[in-house]
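Q: Could we go through this structure together? I would like to begin with the terms and then turn to the details.

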Amino acid sequence: MYQDNELIIRAVEEKDLQRLWELIYKDEQPEWKKWDAPYYPHHSKTFEEFLPIGQKWICQADFWVIEVADVVRGIVSYYWEHEPSQWLEVGIVFHENGSWGKGLGTRALKLWVHHLFNTMPLVRVGFTTWSGNERMIRVGEKLNMQMEARIRKVRYYDGHYYDSIRMGILREEWESAQI
């Protein structure tokens, strides 16, 4: 668990499953999906359909909840792009638009990246987003991440092409920035 005032990131617990289902799978077209890779389909699930997925998240190292003032508001995660070379990518989602635009994403991702660098032998931490998600790009910039790649017009959404954006930071950059 890591904390920044009222914001906490921590491992998923059994008590979080109902709330995670409500945030992620209850609605067929949730607002957050418009920003989180909307070019991939999202399908709602009943709570019973969700339970086998959610139970796998309990105490997982790669999928934690974000709490704000004692309420689960989103998740942070990571996945291996290529584990043998320690190439790891992170993700973050605040599922309710009332949490957006308040600096919470920057604070949560800062805690997550700090945790990953302190618990894993990583050389780099990064993320992939799309040019339509300007808030996520701004979070990367605030954390001193570099834009490492822009693959032009490869994400098609709502009648328009967008760029795929990769941002990252090296361990030595993270440590010297003292964000």
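A: Helices (H or I, at least four residues) and strands (E, at least two) are DSSP runs, numbered from the N terminus. This is a predicted model, in which local features need pLDDT of at least 70 and side-chain atom pairs count only at pLDDT 80 or more, while totals for chains, interfaces and linings use all residues. Residues are numbered from 1 along each chain as its sequence is written, and side-chain values use heavy atoms, with hydrogens and water left out.

Q: Where does Ala 37 lie?

A: Ala 37 is in the loop between helix H1 (17–24) and helix H2 (47–57).

Q: Is Ala 37 buried or exposed?

A: Ala 37 is buried, its relative accessible area being 15%. Buried means under 20% relative accessible area, exposed over 50%, and partly exposed in between (1.4 Å probe, protein chains only).

Q: And what is phi of Ala 37?

A: Phi of Ala 37 is near 45°, a positive value in a residue other than glycine. Most residues other than glycine have a negative phi. Asp 158 also has a positive phi, near 55°. Asp 158 sits in the loop between S7 and strand S8 (160–170), and at 62% relative accessibility it counts as exposed.

Q: How many helices and strands does the chain have?

A: The protein chain has five helices and eight strands. Read from the N terminus, the order is β-β-α-α-β-β-β-α-β-α-β-β-α. The radius of gyration, taken over C-alpha atoms, is 16 Å, close to the 16 Å that the globule rule gives for 179 residues, so the chain is as compact as a globular protein of that length. The globule rule is 2.2 Å times the number of residues to the power 0.38.

Q: What share of the residues is buried?

A: Buried residues make up 45% of the 179 residues in the protein chain.

Q: Moving on to charges, how many salt bridges are there?

A: A search of the whole structure finds 16 salt bridges. A salt bridge is a side-chain nitrogen of Lys or Arg within 4 Å of a carboxyl oxygen of Asp or Glu.

Q: Which residue pairs with Glu 6?

A: Glu 6 forms a salt bridge with Arg 107, and their closest N and O atoms are 3.1 Å apart. This pair links distant parts of the chain, 101 residues apart: Glu 6 is in the loop between strand S1 (2–4) and strand S2 (7–11), and Arg 107 is in helix H3 (residues 104–119). Glu 6 is partly exposed, at 35% relative accessibility.

Q: What is the partner of Arg 124?

A: Arg 124 forms a salt bridge with Glu 148, with the closest N and O atoms 2.6 Å apart. Arg 124 lies in strand S6 (residues 124–130) and Glu 148 in strand S7 (residues 146–157), so the pair ties together parts that are 24 residues apart in sequence. Arg 124 is buried at 15% relative accessibility, whereas Glu 148 is partly exposed at 40%.

Q: Which residues are joined into one network?

A: Salt bridges that share partners join Arg 10, Glu 13, Lys 15, Asp 16 and Glu 67 into one network. Within it, Lys 15 pairs with Glu 13, the closest N and O atoms being 3.6 Å apart. Lys 15 counts as exposed, at 60% relative accessibility, and Glu 13 is partly exposed, at 35%.
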